[in-house]
Amino acid sequence: PVITSTERDLPHEILALLANKDTVVTNQDYPEISQPRIKAAIDRLGSRSMVEYDTKDSEIVILTPEAEGICEQGSHEYKVWDAVRKQGKVEIAELPNVVGKDSAKIGASGALRNKWVSKDGKFLVPVAKEAKDSARELLQKVQQTNSLSDAKALTDLKKRKLVKTGKLINYVVRKGPKYAKEIPFEATDLTSEMLSSGSWQTTDFKPYNFKALGGLQNSGALHPLNKVRAEFRQIFFNQGFVEMPTNRFVETGFWNFDTLFVPQQHPARDMQDTFFISDPPAGDKPRECPEAEKAMDDMERGARTLYATPEPRPTKPRDYEQYWKNTQAVHEKGAFGSIGYRYKWSEKESLRLVLRTHTTAISTWALHRLAEDPRPARYFSIDRVFRNEAVDATHLAEFHQVEGVIADFGLTLGGLMKFLEDFFAKLGITGLRFKPAYNPYTEPSMEIFGYHEGLGKWVEIGNSGMFRPEMLEPMGLPADMRVYGFGLSLERPTMIRYGVSNIRDLLGHKVDLGFIESNAAVRLEKN
Ligand code: PHE
């Protein structure tokens with residue numbers, strides 16, 4: 001069986017070698033062992049004072065692949081001479097076919113210069129009976145010793161790209177004060193047996209290594225997205241927001257689109273942009289969802305205790321059927337001051353099941369719930385949404401949305417801008433810019449831009465607006481109630497925060513678990 005170098009007991013080998021000689025020079029005595037393994041072995045002995053060592057750098061000479069070929073087959077000029085000698089004569093034009101293209105070019109002139117061959121018309125004919133291939137011999141010697149003392153020859157070989165030089169770290173190892181051929185046993189733990197037998201008094205203990213790094217602890221690690229999510233939640237909670245229940249990835253078109261005044265023939269409702277569910281293909285008409293109701297109740301109650309706001313007033317039951325009819329009316333012929341889209345609104349289209357394309361579907365649900373008892377309210381959510389997009393470095397078919405909704409009387413657009421400025425300032429993003437945009441459900445709408453120091457340019461960080469009256473009033477919200485809405489992706493700020501440039505390194509099946517485990521707790525930004 002082949003003994004691989006990993007099975008060798010290097011520390012004992014070094015001790016045995018030092019029994020017979022004063023110094024061990026690692027690159028001479030162990031040329032085949034890698035530098036880190038040598039270092040580990042002598043450090044192990046050094047920590048017990050069994051050896052001492054000095055470090056000595058040396059230059060080594062390494063052959064290029066071309067030179068290795070010469071070592072095996074001979075120099076180019078030798079190959080030409082050898083071929084000419086064996087065949088009696090070789091036509092010069094034929095030489096590449098005989099000795100190869102590379103050797104023919106350099107080899108012919110070399111062989112002529114050495115007077116090993118001579119020209120006879122179109123042919124080369126042999127001259128020398130014997131040829132000493134000194135180029136090959138020189139390279140073979142370099143190959144064996146990894147050195148070349150003749151400086152002129154070295155520069156010459158380097159220039160011809162036959163050798164390269166590199167640096168090698170050597171250790172010159174000698175016996176230390178506690179040298180022995182065997183490594184003595186050193187106990188690492190004080191045991192109860194040692195105490196009861198008294199053997200601790202004579203046992204050799206391994207000294208503490210205060211330079212040792214701590215061992216890696218087995219522990220869970222939070223995904224960067226979760227860390228940034230926790231930060232966002234804290235910012236929301238600190239401002240009195242209540243978290244909406246988002247644990248439903250599948251919605252009907254009604255909640256995801258129709259209630260948001262997205263017409264049924266809007267391109268966003270296309271298969272190119274939205275994932276439709278095929279089994280079952282359709283959901284129920286809007287109706288009470290007791291689980292979501294309870295979750296939202298619990299969260300509002302929690303927030304009330306925290307902020308000591310008054311107990312809620314008794315609620316009036318929600319009329320889902322009326323909401324359904326109102327929504328249809330707004331689309332088909334207009335209502336609540338809107339002229340509508342004026343098309344035949346399809347119930348079937350409204351009941352189609354989709355993977356929600358935005359968490360605004362949840363915000364709508366929460367606003368409809370608010371209509372039971374219209375009062376100032378602040379809601380937020382952070383969860384996954386799905387879009388049928390081509391996947392690339394910055395887009396995935398699923399990502400997380402951070403969304404906030406503020407309902408109150410007498411709100412203005414300026415108030416939304418101020419709120420967003422304060423909100424993003426808490427994340428360290430200041431000096432926002434707003435750009436007019438379009439959402440079917442908000443008017444006015446604004447894209448939010450922040451200046452990215454690292455990229456040196458303005459990047460879009462969110463979308464926002466004031467919900468349209470024809471979206472709010474069908475729910476039963478009073479006409480003088482205004483509602484802000486804004487949304488952003490959780491991935492974008494996380495990528496900026498953790499210096500990730502490809503979204504697939506952050507989310508999806510290609511994520512490296514090592515990155516999740518080892519990424520920094522905080523990233524210190526240069527400001
Ligand atoms: N739904 C929007 C989006 O997906 C975000 C948004 C929410 C915009 C609320 C305005 C109001 O980008």
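**Talking through the model**

Tutor: The model is predicted. The protein chain averages a pLDDT of 90, and 95% of the residues score at least 70.

Student: What are the ipTM and pTM of the complex?

Tutor: The predictor gives an ipTM of 0.96 and a pTM of 0.63.

Student: How many helices and strands are in the protein chain?

Tutor: The chain has 20 helices and 15 strands.

Student: And how much of the chain counts as buried?

Tutor: Of its 527 residues, 29% count as buried.

Student: What share of the contacts comes from residues 24 or more positions apart?

Tutor: They account for 71% of the contacts with a separation of 6 or more.

Student: On to the ligand. Which residues are around it?

Tutor: They are H358, T360, E403, N439, T442, N463, S464, G465, G485, F486 and G487. Two elements, β14 (457–467) and β15 (481–489), are those that give two or more residues to this shell.

Student: How do the shell residues divide into nonpolar, polar and charged?

Tutor: One is nonpolar, nine are polar and one is charged.

Student: T360 is around the ligand. Which residues of α16 are buried?

Tutor: T360, A361, I362, S363, T364, W365, L367, H368, R369 and L370 are the buried ones. That is 10 of the 11 residues of α16 (residues 360–370), so the helix is largely enclosed by the rest of the structure.

Student: Now the nonpolar core. Which residues have the most contacts inside the largest one?

Tutor: L367, A407, L472 and V483 do. This core has 55 residues. L367 also belongs to the buried part of α16.

Student: What is L472 in contact with, leaving aside its neighbours within four places in sequence?

Tutor: L472 is in contact with L367, F467, L477, M481 and V483. There is also a second, separate core of 15 residues. V84, V90, L95 and A104 are among its members.

Student: Why would nonpolar residues gather like that?

Tutor: In soluble globular proteins, nonpolar side chains tend to be buried together.

Student: Let's do strands. Why is β10 called largely enclosed?

Tutor: Seven of the 10 residues of β10 (residues 377–386) are buried, so the rest of the structure largely encloses the strand.

Student: Which way do β10 and β11 run, parallel or antiparallel?

Tutor: They run antiparallel, and 10 bridges join β10 to β11 (residues 398–409). F386 has E398 in β11 as its bridge partner.

Student: And β7 and β10, parallel or antiparallel?

Tutor: Parallel, with two bridges joining β7 (residues 242–243) to β10. There, E243 has F380 as its bridge partner.

Student: Switching topic. What kind of peptide bond runs from D279 to P280?

Tutor: A cis one, with omega near -5 degrees. P280 sits in the loop between α12 (253–256) and α13 (290–307).

Student: What about the bond that joins E443 and P444?

Tutor: That peptide bond is cis, with omega about -5 degrees. P444 lies in strand β13 (residues 442–452).

Student: What is phi of K161?

Tutor: Near 55 degrees, a positive value in a residue other than glycine. K161 is in the loop between α9 (151–159) and β6 (163–175).

Student: What is phi of F336, and where is F336?

Tutor: Phi of F336 is also near 55 degrees. F336 lies in the loop between α14 (320–332) and α15 (347–351). F336 is partly exposed, with 16 other C-beta atoms within 10 Å.

Student: Last one. Where is K175, and what is K175 in contact with?

Tutor: K175 is in strand β6. Leaving aside its neighbours within four places in sequence, K175 is in contact with L18 and V51. K175 and V24 are 151 residues apart along the chain, with their C-alpha atoms separated by 9.4 Å. K175 is partly exposed, with 18 other C-beta atoms within 10 Å.

Terms used
Residues numbered from 1 in each chain as written. Predicted model: local features only at pLDDT ≥ 70, side-chain atom pairs only at ≥ 80, totals over all residues. Near = placed C-beta within 6 Å. Helix = DSSP H or I, 4+ residues; strand = E, 2+ residues; numbered from the N terminus. Nonpolar A, V, L, I, M, F, W, Y, C, P; charged D, E, K, R; others polar. Core = buried A, V, L, I, M, F, W, Y, C linked by C-beta atoms within 7 Å. Buried ≥ 20, exposed ≤ 12 C-beta atoms within 10 Å, placed from the backbone. Contact = placed C-beta atoms within 7 Å. pLDDT = per-residue confidence, 0-100. Pairing = 2+ DSSP bridges.
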